Amino acid sequence: MSDYNLRVYTRCIVTGMTVPLALLGLLEREPSHGYDLKRDYDAFFGRGRPLPFGQVYSTLGRLARDGKVTGQSEPGDGPDRKRYAITPLGRQEVATWLAEPVAAEPYLQTVLFTKVVLALMLGRDAAGYLDAQRATHMRRMRELTEVKRGGPLTDALLADHAMFHLEADLRWIDVTQARLGALAEMVRAS
């Protein structure tokens, strides 16, 4: 994947997945060293935004402290390495997390909305802001379309996810643009 596609791909990383739970899930597959976990995390979840080694090991330390993983030292050519394994408590946490649907966030307070209202309150060009945001979203959608064309299925699915969110934002921008006059009156009357 090119640097360009990696930057674009980063924009479609699924939110809501925590690093500790992802590492636990990877450990449920098989016991692993920290560097193997980092490699697998980056390959599946961190595309374009790799997980720092320090975060891997600090997360593993907290998981071990909480009884969710164990670390077995292994002598080698260099410093001792640890092979981490998930515990029954860690397995239960992964099972619970995977069984729970991701909360459907209502997005009742968004940055887009806040900027429009503030622009109206301050007498600035809210319509111009919405036009600029629409252009930015359209540019991002074109970038994601390129990711879909040239990448593997995982890239295409993540790009689809991001594009559907962008499409919803674009619909909101259009509706807000159509109601901008009424919103301006309401904001100024407050």
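Helix H3, residues 34-44, packs against helix H4, residues 53-65, at an angle of about 120 degrees, and their axes lie 10 Å apart. The structure is a predicted model, in which local features need pLDDT of at least 70 and side-chain atom pairs count only at pLDDT 80 or more, while totals for chains, interfaces and linings use all residues. Residues are numbered from 1 along each chain as its sequence is written, and side-chain values use heavy atoms, with hydrogens and water left out.

On terms: helices (H or I, at least four residues) and strands (E, at least two) are DSSP runs numbered from the N terminus. Axes are lines fitted to C-alpha atoms, for helices over the stretch in contact, and angles run from 0 to 180 degrees between N-to-C directions.

Which residues meet where H3 packs on H4? From H3 come Gly34, Tyr35, Leu37 and Lys38, and from H4 come Phe53, Val56, Tyr57 and Leu60; contact here means heavy atoms within 4.5 Å. These residues comprise six nonpolar, one polar and one charged, with Tyr counted as nonpolar and Gly as polar.

Turning to burial, H3 has Gly34, Asp36, Leu37, Lys38, Asp40, Tyr41 and Asp42 buried, that is, under 20% relative accessible area with a 1.4 Å probe, protein chains only. Those buried residues pack against helix H2 (19-29), strand S1 (32-33), H4 and strand S3 (81-86).

Finally, the sheet. Three strands form an open sheet in the order S1-S3-S2, paired antiparallel. S1 and strand S2 (69-74) are at the edges with a single partner strand each, so one side of each lacks a neighbour in the sheet. Pairing requires at least two DSSP bridges, and two bridges join S1 to S3. Ser32 has Tyr84 in S3 as its bridge partner.

Key: Buried means under 20% relative accessible area, exposed over 50%, partly exposed in between (1.4 Å probe, protein chains only).
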